[in-house]
Amino acid sequence: MPLTRRAFGATALAAAVTATLAACGTSSTSTTGSSDKALTFLIAASGDAESAAYREAVAAFTEQTGIEVELQLATDLQQELAQGFAAGAPADVFYLAPDYLASYADNGSLYAYGDQLSNVDDFYPSLVANLTYDGVLYGAPKDFSTLGLFINTDLWAAAGLTEADYPKDWASLEAVAATLTSGGVVGLTATGEYARVGAFMAQAGGGLVSADGTRATASSDGSVAGLAEVKKLLEAGSMKFSADLSTGWGGEAFGTGLAAMAIEGNWLIGAMSADYPDVAYTAVELPAGPAGKGTMTFTNAYGIAEASSRKEDAVALVEFLTTTQQQLAFSAAFGVMPSIQSAADQFKADNPDKVVFLNGADYAISMPTANGASDVVADFNSQIASLATSDPKTILDSVQANLEAVIA
């Protein structure tokens with residue numbers, strides 16, 4: 001039964017109420033230039049390397065402009081953002097997930113500054129589209145990731161396969177996945193969620209929403225064909241979702257040798273180095289489908305609060321953080337891919353192992369960002385878990401109805 005707009009809003013409403021009740025304090029840690037007059041910048045760092053890189057960046061910005069910045073390290077970014085908005089005292093600048101952009105834009109929390117950026121045409125179009133709501137660009141993409149195909153090269157060679165066998169289309173993917181499925185090892189794995197299987201939908205010309213996010217396309221022929229291809233691989237036994245391998249995500253299934261190939265993002269490179277250093281692997285672009293190449297892209301934005309009294313300084317900070325030089329510095333420091341096209345050539349030269357992921361920016365689709373869409377995706381994910389025994393069109397017809405309820 002299709003979910004209603006009211007049902008989709010329940011989760012967000014509960015989170016907002018919880019955040020408001022908890023708004024008696026914050027767990028952010030001020031680290032740079034703390035003063036009442038400083039521009040506040042709230043981030044959720046992936047680790048010490050990212051924190052250090054941002055400390056260095058804001059210090060350089062202050063030296064260049066004279067604008068002091070108070071860098072705040074969130075322990076629970078979404079809660080702390082909600083607390084700030086509820087109290088009427090949000091950070092001036094903050095990391096903003098696309099999932100929350102529409103709801104914050106709708107309630108007037110966000111400053112729409114995209115048209116003020118001098119480098120707006122340098123960002124990858126797919127990232128700009130992911131951060132545009134009702135035709136307005138609300139935030140600059142800070143960096144991004146895409147999906148690729150990770151291959152265990154030892155298992156590959158043991159199966160008699162060579163580089164010439166790297167799959168270029170669905171037929172060759174089916175063939176090598178079958179060949180690699182042997183002795184307790186499955187040929188292909190992925191986390192059972194739209195953020196992975198959506199790549200197949202893109203390769204067939206589909207996806208959950210249109211490129212501009214204004215129309216639901218879940219039940220389109222391309223979307224159905226893409227999900228049907230995943231079902232075909234599951235039924236053949238040559239693909240298993242990571243949960244069916246008793247692992248938490250596709251990277252774990254791949255790193256522990258339970259799967260010879262995995263559809264994962266470029267973040268797995270760091271995980272392989274840290275957690276599975278003895279596993280030999282390579283990464284290639286995902287094979288094309290009947291409509292061509294397709295992958296998923298993921299990004300976060302730099303948001304600016306509408307309540308900020310320092311909007312001009314905030315925009316200046318964002319522009320500094322998204323310069324070619326600074327984007328490349330972040331890439332070197334903690335492995336992210338630059339969101340601007342002018343950094344591409346140098347990034348490829350410096351990171352040959354990530355070229356296949358950067359290439360994906362040209363043909364990637366994004367997660368839907370309409371207000372309530374995250375609840376639709378969560379419901380879709382629960383249905384993907386039983387895809388092997390379900391009808392793809394029936395699943396996607398229900399997703400279509402649910403999306404239409406929130407996009408209308």
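The legends below describe close-up views of a predicted model.

**View 1. Helix α9 and its surroundings.**
Helix α9 spans residues 221–236. This helix has 16 residues and extends 22 Å from its first C-alpha to its last, close to the 22 Å expected at 1.5 Å a residue. The buried residues of α9 are G222, S223, V224, G226, L227, E229, V230, K231, L233 and L234. Their cover includes the helices α7 (170–180), α8, α16 (373–384) and α17 (392–407). Strands β8 (186–190) and β9 (239–241) also contribute to this cover. After α9 comes G237, which has a positive phi near 80 degrees.

**View 2. Packing of α8 against α9.**
Two packed helices are described by the angle between their axes and the distance between the axes. For α8 and α9, the angle is about 120 degrees and the axes are 7 Å apart. The crossing of α8 past α9 is right-handed. On the α8 side, the contact involves V197, F200 and M201. These meet G222, S223, G226, L227, E229, V230 and L233 of α9.

**View 3. S210 in the loop between α8 and α9.**
The loop that holds S210 lies between α8 (194–203) and α9 (221–236). S210 has a relative accessible area of 9% and is therefore buried, the cut-off being under 20%. The side chains of S210 and D212 are joined by a polar contact of 2.7 Å. Leaving aside residues up to four places away in sequence, S210 touches R215 and T217.

**View 4. The pair α16 and α17.**
Helices α16 and α17 pack at an angle of about 170 degrees, and their axes are 9 Å apart. That angle makes α16 roughly antiparallel to α17, because angles over 145 degrees count as such. From α16, the residues making the contact are A373, V376, D379, F380 and Q383. From α17, they are I395, L396, S398, V399, N402, L403 and V406. Both helices are also among the elements that cover the buried residues of α9.

**View 5. W156 in helix α6.**
W156 is located in α6, which covers residues 153–158. Its relative accessibility is 4%, so W156 counts as buried. With residues up to four places away in sequence left out, W156 touches I151, L161, T162, E163, D165, Y166, P167, V176, L180 and M261. The C-alpha atoms of W156 and T179 are 9.2 Å apart, with a sequence separation of 23 residues.

**View 6. A253 in helix α10.**
Helix α10 contains A253 and covers residues 250–255. The relative accessible area of A253 is 0%, so this residue is buried. A253 touches T189, L245, T247, L258 and A259, again without counting residues up to four places away in sequence. Between the C-alpha atoms of A253 and G303 the distance is 35 Å, and 50 residues separate them in sequence.

In α4 (residues 98–106), the buried residues are P98, L101, A102, Y104 and A105. Among the elements covering them are helices α3 (77–87) and α5 (125–130). Strands β4 (93–96), β5 and β12 (295–304) are also part of the cover.

Most residues other than glycine have a negative phi. D134 has a positive phi near 55 degrees and sits in the loop between β5 (132–133) and β6 (136–137). The relative accessibility of D134 is 66%, so this residue counts as exposed. S246 has a positive phi near 60 degrees; its place is in the loop between β9 and α10. With a relative accessible area of 70%, S246 is exposed, because the cut-off for that class is over 50%.

Terms used
Residues are numbered from 1 along each chain as its sequence is written. Side-chain values use heavy atoms; hydrogens and water are left out. Helices (H or I, at least four residues) and strands (E, at least two) are DSSP runs, numbered from the N terminus. Buried means under 20% relative accessible area, exposed over 50%, partly exposed in between (1.4 Å probe, protein chains only). A polar contact is a pair of N or O atoms within 3.5 Å; within protein, one must be able to donate a hydrogen and the other to accept it, and residues adjacent in sequence count only if both atoms are side-chain atoms. Contact means heavy atoms within 4.5 Å. The expected span of a helix is 1.5 Å times one less than its number of residues. Axes are lines fitted to C-alpha atoms, for helices over the stretch in contact, and angles run from 0 to 180 degrees between N-to-C directions. A crossing is left-handed if the near helix is turned anticlockwise from the far one by less than a right angle, and right-handed if clockwise. Angles under 35 degrees count as roughly parallel, over 145 as roughly antiparallel, 65 to 115 as roughly perpendicular and the rest as oblique.
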